[in-house]
Amino acid sequence: MNRIIKNETFTRFDDRKSGATFGKLEFEECRFVNCAVSLEAEPEKRTTIKGVRFSRCRQKNCSINPSFVEDVTVEDLDSESLLIVWACAFKHVVLRGNVGNLKINRSIPFSYARRDLRPALQSAFDRTNREYYEDVDWALDIREAEFTSGTVLGVPANLVRRDNATQFILRHEAIVEGRWRELDLSRTYWSPLLNAYHERAEGDVILIAPKASRDFDAALAGLVSMYDAGILERD
C-alpha cells in the first residue's frame with residue numbers, strides 16, 4: 001500500500017550519494033522548493049524512484065539528477081521555474097495534464113565533473129542508460145502532457161508514447177544535415193534551439209509544441225513545416 005502525503009512543503013531536501021530507492025509514495029498538492037535527488041556522479045550508485053505518483057504538486061528551483069525512474073505518474077505539475085531532468089533512465093513514466101516548463105536532458109549536470117573530465121563521465125552515463133533501455137518496452141508517455149515549454153533528449157524515440165500531431169521526432173542525422181536552416185522559422189524559437197543541438201551532438205530529440213503556451217500555434221506551425229520538408233518524423 002502506498003503512503004499518501006498531502007499538502008506538505010519540502011524545502012532543500014537532497015539525496016546525496018545514497019543509492020537509495022524511493023517508492024510506494026503518493027504526493028497530493030505538495031510543494032517542493034530547492035530540492036534535488038540523486039546527487040551522485042557514479043552511474044552505478046544513482047537513486048531509483050519507483051512506484052511514485054505526484055498529483056497537483058508545485059516545484060520551484062528543483063532538479064532531478066541522474067536516476068532510474070520507474071512506474072511514476074506526474075499529473076498537473078505547477079512549475080514556478082524550469083525543471084531540468086538530467087540523464088535519467090525511464091520505464092513506464094507518465095506525464096499528464098499541465099506539466100509546465102520541463103526539459104529532459106541527455107547530459108549530466110555541469111557540476112558533476114571538470115570540463116576536461118566531462119566527456120568520459122558523460123559516456124559512462126550514456127552507456128549505462130543504453131544498457132538499461134535494452135529491457136524496457138516503453139519509457140515515457142507524454143501523449144496527454146501539456147507543456148509550457150518542453151523537449152525530450154536522451155530517451156530512445158521508439159520508447160516514447162507521443163501525441164504525433166504535436167510531438168515530433170528529430171533524428172540525429174537530420175540535426176547534422178541542418179536543412180531546417182532553409183526554412184522560415186523566424187516566428188519560432190526552433191532555429192536557435194536546433195543550432196544548439198547541432199553544436200552539442202545530442203542524438204535524437206523529441207520536439208514538442210507546448211499546448212499550455214501562448215506560442216503554441218507558431219511553434220506547431222514551425223514543426224509542421226519541418227515535417228512537410230521531411231526533416232521531422234511523426235512515427
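This passage describes the confidence of a predicted model, its helix α3 and the residue E131.

Residues are numbered from 1 along each chain as its sequence is written. Because the model is predicted, local features need pLDDT of at least 70, side-chain atom pairs count only at pLDDT 80 or more, and totals for chains, interfaces and linings use all residues, while side-chain values use heavy atoms, without hydrogens and water.

The mean pLDDT of the protein is 94 (pLDDT is the predictor's confidence in each residue, from 0 to 100). A value of 70 or more is reached by 100% of the residues. Confidence is lowest in strand β3 (residues 14-16), with a mean of 86. Strand β15 (residues 160-161) has the highest, at 98. Helices (H or I, at least four residues) and strands (E, at least two) are DSSP runs, numbered from the N terminus.

Helix α3 spans residues 190-200. Its buried residues are W190, L194 and Y197. They lie on the same side of α3, because they cover an arc of only 55° around the axis. The arc is that of the directions from the helix axis to the C-beta atoms. P192 and E199 are exposed on the other side. Buried means under 20% relative accessible area, exposed over 50%, and partly exposed in between (1.4 Å probe, protein chains only). The buried residues of α3 pack against β14 (140-153), β16 (167-170), α2 (172-177), β17 (205-208) and α4 (216-228), with contact meaning heavy atoms within 4.5 Å. A201 follows α3 and has a positive phi, near 50°.

E131 sits in helix α1 (residues 118-133). E131 counts as partly exposed because its relative accessibility is 45%. The C-alpha atoms of E131 and P210 are separated by 31 Å. Along the chain, these two residues are 79 residues apart.
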